[in-house]
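Please open the model in your viewer and keep the sequence panel beside it. The tour below moves from one selection to the next, with a short account of what is found at each stop.

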Amino acid sequence: MNERDSEIMAQSLSGYGYIEGMEMNEADLVILNTCSIRAKAEQKVLSLLGYLRKTKLKRPAMKICVAGCVAQQEGNRLLDRMPHIDLVIGTQNIYNIGPLLLRAETDGSRVVTELRDDYAIPKFLPALSPMAADRAESACAAPSIQFSKFVTIMQGCNNYCTYCVVPYTRGREISRNVDDIIEEVNILVKAGVKEITLLGQNVNSYGKANAVTADRRPYNFSDLLREVSSVEGLARLRFTTSNPKDLTDALMKSFRDVKNLCPQFHLPVQSGSDRILKSMNRKYTAAQYLEKVEKLREYMPGIALTTDIIVGFPGESDEDFQDTMNLLEEVRFHGSFSFKYSDRPGTQASKLAEKVDERVKMERLAVFQQRQDEISLLRNREYVGHGQSVMLEECSESGGKGRTGTNHIVHFSECRGHVAGDIVRMKIVHAGQHSLRGEIEKTDEV
Ligand code: SAH
Ligand code: SF4
């Protein structure tokens, strides 16, 4: 989500004479696009801002802008603590970063963090030059072309999971207009993009909070998936993230029916304990989650499932944690992102008394991650000896890497005349914990 927001700001600023660069110490403008989902992410921003204070003493003309969730959450407090910041810009204001920077210079408005309940995601289409399409064809010479892109379909969240800061930092849930989404996908695909990932905090509730079609007819995420999938030339489609409580049968069936939808699904469960799930306000039980897993596997055998887990949520007992381990054994996720619970300002969980000791959280995290790693390795070994469709991401004489439909990274040592962006058939010859190794089988696209 932040990656796509960064692209939007870069594109918006290109109209104001800025060119995106990689070297922070030479830049005229540094933007920190921040995340505050856990305390650690926020601390990183503060220490980088401390470093930039010294840089700015040497180069006072350099401008510093803080965007994203920390900016939204801290607003004026950030500027009070760090007066060397030129602009603090909230999550709903990024499309306007160019004019807001100019305004900060003229009238000194350095904090813009308005969050509106009636916000509409602006019509903002990627400005890809026709050159991008040419470059796509000679990808080896221009490896910077990305064949896989994110498209935002929603902003904000109305779910109020008790640990989560997103509803406060990103505001109310808003779905983007269908026509804008389809237009954006068309532009990207015409420019050579082969894979699109639709983005939102809870894509399953797309179209619920506001009308997304011109004639205001009912339209949901399954409808959108089908419409995007039929954009001519789109080889691969993915989406993230989904809250299991809103996962409908129609959406699960998309894995069976939508041919270019990749056989991969990130379905965050957070905990295997019903008591903790209730306290998290997730609105499903472990049994309901498992039922959906079973259905998904029925509709798309071989689907690769990944999840998010929080350990040490307030009040989590050894038994609750054991329930999470049991769920891991039952589902045998292909992979997962697991986190120690972190108190976030303003959330309901931060007010709960029974905090879990930091050492216990660390132990539980280590136990979970070790078992997940073992399972991931066993899962990955299931691919050895079998064929996979792989989109090449990097490709040179000495080999490269690509990604399977199941979202596994595959390394290979011979590109056999192929270039980045090609989708090829590979035989998997080796499995590691976090990646696979393969050999390209045939030259024609699959
Ligand atoms: N909208 C997505 C999640 C976005 S946040 C969803 O509902 O699945 C990504 C992940 O960060 C969450 O799934 C959760 O596992 C983790 N997370 C969020 N808040 C957290 C907190 N306070 N402490 C620890 N992990 C947290
Ligand atoms: Fe946060 Fe829950 Fe919304 Fe995900 S669904 S963004 S975890 S509140």
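Which exposed residues does the face of H13 turned away from its buried side carry? Before selecting anything, bear in mind that this is a predicted model. Now select helix H13, residues 318-331, and look at the outward face, where you will find the exposed residues Asp318, Glu319 and Glu330.

**Helix H13**

With the helix still selected, colour its buried residues, which are Asp320, Phe321, Thr324, Met325, Leu327, Leu328 and Val331. They cover an arc of only 155° around the axis, which puts them on the same side of H13. The spacing of such residues along the chain follows from the helix itself: an α-helix has 3.6 residues a turn, so residues three or four places apart point the same way.

If you then show the surroundings of this buried side, you will see that the buried residues of H13 pack against helix H11 (274-279), helix H12 (286-299), strand E11 (304-311) and helix H14 (358-381). A distance label between the end C-alpha atoms of H13 should read 20 Å, which agrees with the 20 Å that its 14 residues should span at 1.5 Å a residue. Just after the helix, select Arg332, which takes a positive phi of about 50°.

In the loop between E9 and H10, select Thr241, which is joined to Thr240 by a cis peptide bond with omega at about 5°. Then go to the loop between H10 and strand E10 (264-266), where Asn260 has its place. Asn260 is buried, with a relative accessible area of 14%, and, leaving aside its neighbours within four places in sequence, it is in contact with Ser229, Leu234, Ala235, Arg236 and Leu237.

**The surroundings of ligand 2**

Select ligand 2 and display the residues that surround it, namely Cys157, Asn159, Tyr160, Cys161, Tyr163, Cys164, Val166, Pro167, Gln201, Asn243 and Arg282. By class, this shell has seven nonpolar, three polar and one charged residues.

**Cysteines**

How many disulfides does a search of the whole structure find? The search finds zero. For one example, select Cys395 and Cys415: the sulfur in Cys415 is the closest cysteine sulfur to that of Cys395, but at 4.1 Å it is too far for a bond. Cys395 itself counts as buried, at 13% relative accessibility.

Select Val30, which has its place in strand E1 (residues 29-34), and which is buried, with a relative accessible area of 5%. Val30 and Met62 are 32 residues apart in sequence, while their C-alpha atoms are 7.5 Å apart in space. Beyond its neighbours within four places in sequence, Val30 is in contact with Met24, Leu52, Met62, Lys63, Ile64 and Cys65.

Is His84 buried or exposed? Select it in the loop between helix H4 (76-81) and strand E3 (87-89), and you will be looking at a buried residue, with a relative accessible area of 12%. Apart from its neighbours within four places in sequence, His84 is in contact with Leu49, Leu52, Arg53, Lys56 and Ile64.

**Two residues with positive phi**

Finally, select Lys283 in the loop between H11 and H12; its phi is near 65°, a positive value in a residue other than glycine, and at 58% relative accessibility Lys283 counts as exposed. Arg416, in the loop between strand E15 (409-412) and strand E16 (423-431), also has a positive phi, of about 50°, although it is not a glycine. At 43% relative accessibility, Arg416 counts as partly exposed.

Key:
Residues are numbered from 1 along each chain as its sequence is written. Chains are lettered from A and ligands numbered from 1 in the order in which they are written. This is a predicted model: local features need pLDDT of at least 70, side-chain atom pairs count only at pLDDT 80 or more; totals for chains, interfaces and linings use all residues. Side-chain values use heavy atoms; hydrogens and water are left out. A residue is near a molecule or strand if one of its heavy atoms lies within 4 Å of it. Ala, Val, Leu, Ile, Met, Phe, Trp, Tyr, Cys and Pro count as nonpolar, Asp, Glu, Lys and Arg as charged, and the others, Gly among them, as polar. A disulfide is a pair of cysteine sulfur atoms within 2.5 Å. Buried means under 20% relative accessible area, exposed over 50%, partly exposed in between (1.4 Å probe, protein chains only). Helices (H or I, at least four residues) and strands (E, at least two) are DSSP runs, numbered from the N terminus. The expected span of a helix is 1.5 Å times one less than its number of residues. The arc is that of the directions from the helix axis to the C-beta atoms. Contact means heavy atoms within 4.5 Å.
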